[in-house]
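Please look over the sequence and the model first. A short report on selected parts comes after them.

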Amino acid sequence: MTDSFFAGIKPATFEGPNSDNPLAFRHYNPDEIVMGKRMEDHLRFAVAYWHSFAWEGGDPFGAATFLRPWQADMDMAHARAKADAAFALFAILGQPFYCWHDLDVRPEGATFAESLRNFEEIIEYFGEKMAAGGPRLLWGTANMFSHRRFMAGASTNPDPDVFAWSAATVKTCMDATHKLGGQNYVLWGGREGYETLLNTDLTRELDHMGRFLNMVVEYKHKIGFKGTILVEPKPQEPSKHQYDFDAATCIGFLRKYGLEDEVKLNIEQGHAILAGHSFEHELAVAAADGMLGSIDMNRNDYQSGWDTDQFPNNVSEVALAYYQILKTGGFTTGGTNFDAKLRRQSLDAEDLVAAHVGAMDVCARGLKAAVVMLEDGGLESAVADRYAGWDTPEAKAMLDSDFDAIFDRVHAGEIDPAPRSGQQERLENYVNRFV
Ligand code: XUL
Ligand code: CO
């Protein structure tokens with residue numbers, strides 16, 4: 001059914017910056033050593049099953065445009081054909097990881113048990129393909145936002161039956177992730193939020209979500225899953241207000257429910273933009289609390305205000321993101337998942353390959369620029385210099401003193417602040433030397 005979809009497309013290889021082959025890497029060279037590590041092991045790329053194989057190219061004004069052969073029906077034969085197509089793309093790209101939601105990979109059954117049978121069959125099939133040289137699983141997750149049962153949320157649903165369904169669903173997705181040796185398990189709170197406070201008990205919903213996430217962690221330990229549990233912040237869309245608004249909100253939530261040592265964050269570029277932040281801001285906030293786990297790499301349209309999930313195409317933005325990641329020592333279980341989709345007019349198999357190849361190259365360029373900036377040390381020394389006043393014994397002692405002691409020094413005329421330039425333009429120029 002899909003054998004011919006990628007026919008004639010050869011595996012993408014590194015051909016160097018002067019190559020004019022549109023399906024070759026010009027910057028991503030998996031074996032190249034940067035900062036003591038293979039580039040592939042720094043970036044840890046993953047392809048997202050949902051955008052590349054499940055999404056049909058519809059938008060709010062028009063139906064499917066892609067009409068992929070495996071999208072002609074929703075049965076197990078087509079689910080297997082979808083898997084064949086996915087692993088064919090993986091073989092072309094050679095990326096080390098992939099990610100899925102349960103709903104991306106299996107047809108929905110008439111009952112929970114039937115959906116689970118479908119899911120387990122496909123997971124078995126994935127296992128065979130992974131053992132035969134396919135990529136590893138970066139993370140699995142549950143789609144608890146598409147089916148109408150989840151229209152008022154999953155763990156935050158006012159109906160306890162939906163909470164139960166969600167718990168049972170996440171259990172099966174964690175089991176499958178564990179079985180495939182997944183490196184992480186992700187929870188993005190699709191509709192964990194609300195449309196209007198007129199019908200919403202916000203306090204109760206947050207408590208339910210906190211208890212649910214504790215159950216996830218309890219289950220992780222029960223089954224011996226060694227991967228990292230990740231929560232993915234997003235401020236709105238599909239809900240008007242989402243509880244996991246941004247990194248800072250999630251960190252507060254994790255602390256409130258005693259999960260700060262158990263759960264980290266999966267930071268997505270487009271979600272950062274939707275929250276009114278930059279990607280590097282969100283990464284820095286997560287890193288400041290030791291909670292930077294993994295990233296969803298994409299790009300939002302800066303004019304539309306929607307979560308457009310485009311493939312990354314801006315080296316300077318990506319460089320600043322990897323700069324934050326490298327400063328924390330790089331990924332451990334995390335990686336760079338392309339939570340990105342084609343535009344709905346990009347119909348061809350080549351479009352899907354080129355989108356990933358180009359994105360991998362943009363990330364490789366960003367990573368290399370970040371490495372050179374770190375090794376050069378210009379930003380770090382500028383920051384160290386800016387805070388150098390705090391290295392004096394008087395400044396350090398001040399933090400252990402109190403208002404009265406500080407007042408006495410200021411009042412006696414010992415202290416007289418002298419404003420200094422923040423040098424932002426000079427530092428922006430400095431960054432532009434590397435990207
Ligand atoms: C939605 C989104 C999801 C999560 C996984 O905006 O980013 O694809 O990454 O559920
Ligand atoms: Co995402």
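This is a predicted model: local features need pLDDT of at least 70, side-chain atom pairs count only at pLDDT 80 or more; totals for chains, interfaces and linings use all residues.

Residues are numbered from 1 along each chain as its sequence is written, chains are lettered from A and ligands numbered from 1 in the order in which they are written, and side-chain values use heavy atoms, without hydrogens and water.

## Domains and a helix

The domain assignment gives domain 1 (33-376) and domain 2 (381-432). Such bounds come from an automatic or database domain assignment. The centres of domain 1 and domain 2, taken over C-alpha atoms, are 41 Å apart.

Helix α12 covers residues 349-376 and has 28 residues. Helices (H or I, at least four residues) and strands (E, at least two) are DSSP runs, numbered from the N terminus. From first C-alpha to last, α12 reaches 41 Å, close to the 40 Å expected at 1.5 Å a residue. That expected span is 1.5 Å times one less than the number of residues.

## Strand β6

Strand β6 spans residues 184-188 and is mostly covered, with five of its five residues buried. Buried means under 20% relative accessible area, exposed over 50%, and partly exposed in between (1.4 Å probe, protein chains only). Asn184, Val186 and Trp188 point one way from β6. Tyr185 and Leu187 point the other way.

Which strands pair with β6? Strands pair if DSSP finds at least two bridges between them. Gly140 has Tyr185 of β6 as its bridge partner. The chain crosses from β5 to β6 through helix α6 (residues 160-179), and this β-α-β crossover is right-handed. Right-handed means that, with the strands pointing away from the viewer, the path from the first strand over the helix to the second runs clockwise. Strand β8 (residues 228-232) runs parallel to β6 and is joined to β6 by five bridges. Trp188 stands opposite Glu232 in β8.

Val186 sits in β6. Val186 counts as buried because its relative accessibility is 1%. Leaving aside neighbours within four places in sequence, Val186 is in contact (heavy atoms within 4.5 Å) with Trp139, Gly140, Thr141, Leu230, Glu232 and Asn266. The C-alpha atoms of Val186 and Ser401 are separated by 44 Å, and these residues are 215 apart along the chain.

## Aromatic rings

The structure holds 24 aromatic pairs. Two of the pairs are set out here.

| Pair | Centres | Planes | Class |
|---|---|---|---|
| Phe87 and Phe90 | 5.0 Å | 65° | edge-to-face |
| Phe87 and Phe126 | 5.7 Å | 45° | tilted |

Rings of Phe, Tyr and Trp (its six-membered ring) pair if their centres lie within 6.5 Å; planes under 30 degrees apart count as stacked, over 60 as edge-to-face and the rest as tilted.

Phe87 and Phe90 are three residues apart in helix α3 (residues 76-93), so about one helical turn separates them. Phe87 is buried at a relative accessible area of 10%, and Phe90 is buried at 2%. Phe87 lies in α3 and Phe126 in helix α5 (residues 112-131), so their pair ties together parts 39 residues apart in sequence. Phe126 counts as buried, at 0% relative accessibility. One aromatic cluster is formed by Phe5, Phe6, Tyr49, Phe53, Trp70, Phe87, Phe90, Tyr98 and Phe126.
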